Amino acid sequence: FEELIFDMRLNAKQLIKLSQKAQQEEKAEQVKARKALEKGLMDNARIHAENAIRKKSESLNYMRLSAKLDAVASRMMTASRTE
């Protein structure tokens with residue numbers, strides 16, 4: 001039971017790291033989109049902007065899932081203490 005709680009917390013931390021990585025990729029895509037706009041390449045800018053939006057939602061999903069895992073682990077910890 002304790003091992004399961006530990007694994008859940010570990011997975012939550014991994015999801016946070018994935019979220020941070022997606023945020024960095026989002027920023028890189030925004031820079032690429034800006035550069036493409038400056039060069040007048042609208043199609044490329046649109047593609048990079050879509051990628052940035054996708055990475056943003058991916059990051060939020062990772063954070064959301066991490067929070068859920070952490071909450072379940074906390075509930076399990078509380079349940080194991082009361083038994």
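Helix H1 (residues 2-39) and helix H2 (residues 42-82) pack against each other at an angle of about 165°, and their axes lie 7 Å apart. That makes H1 roughly antiparallel to H2, a label for angles over 145 degrees. The axes here are lines fitted to C-alpha atoms over the stretch in contact, with angles running from 0 to 180 degrees between N-to-C directions. The helices themselves are DSSP runs (H or I, at least four residues), numbered from the N terminus. All of this comes from a predicted model, in which local features need pLDDT of at least 70, side-chain atom pairs count only at pLDDT 80 or more, and totals for chains, interfaces and linings use all residues. Residues are numbered from 1 along each chain as its sequence is written, and side-chain values use heavy atoms, with hydrogens and water left out.

As for the contact of H1 with H2, a tally by class gives 23 nonpolar, 11 polar and 10 charged residues. Ala, Val, Leu, Ile, Met, Phe, Trp, Tyr, Cys and Pro go down as nonpolar, Asp, Glu, Lys and Arg as charged, and the others, Gly among them, as polar.

Lengths come next. H1, with 38 residues, reaches 56 Å from its first C-alpha to its last, close to the 56 Å expected at 1.5 Å a residue. The expected span is 1.5 Å times one less than the number of residues. For the 41 residues of H2, the end C-alpha atoms are 60 Å apart, which agrees with the 60 Å they should span.

In H1 they include Ile5, Met8, Ala12, Leu15 and Ser19, and H2 is part of what covers the buried residues of H1. In H2, Ala45, Ala52, Ser59, Ser66, Leu69, Ala73 and Met76 are buried, and their cover includes H1.

Glu29 sits in helix H1 and counts as buried, at 13% relative accessibility. Setting aside its neighbours within four places in sequence, Glu29 is in contact (heavy atoms within 4.5 Å) with His48, Asn51 and Ala52.

Then there is Gly40, found in the loop between H1 and H2. Just after H1, Gly40 takes a positive phi of about 85°. Gly40 is partly exposed, with a relative accessible area of 46%, a label that falls between buried and exposed, the latter being over 50%. Gly40 and Arg64 are 24 residues apart along the chain, and their C-alpha atoms are separated by 37 Å.

Technical notes: Helices (H or I, at least four residues) and strands (E, at least two) are DSSP runs, numbered from the N terminus. Angles under 35 degrees count as roughly parallel, over 145 as roughly antiparallel, 65 to 115 as roughly perpendicular and the rest as oblique. Buried means under 20% relative accessible area, exposed over 50%, partly exposed in between (1.4 Å probe, protein chains only).
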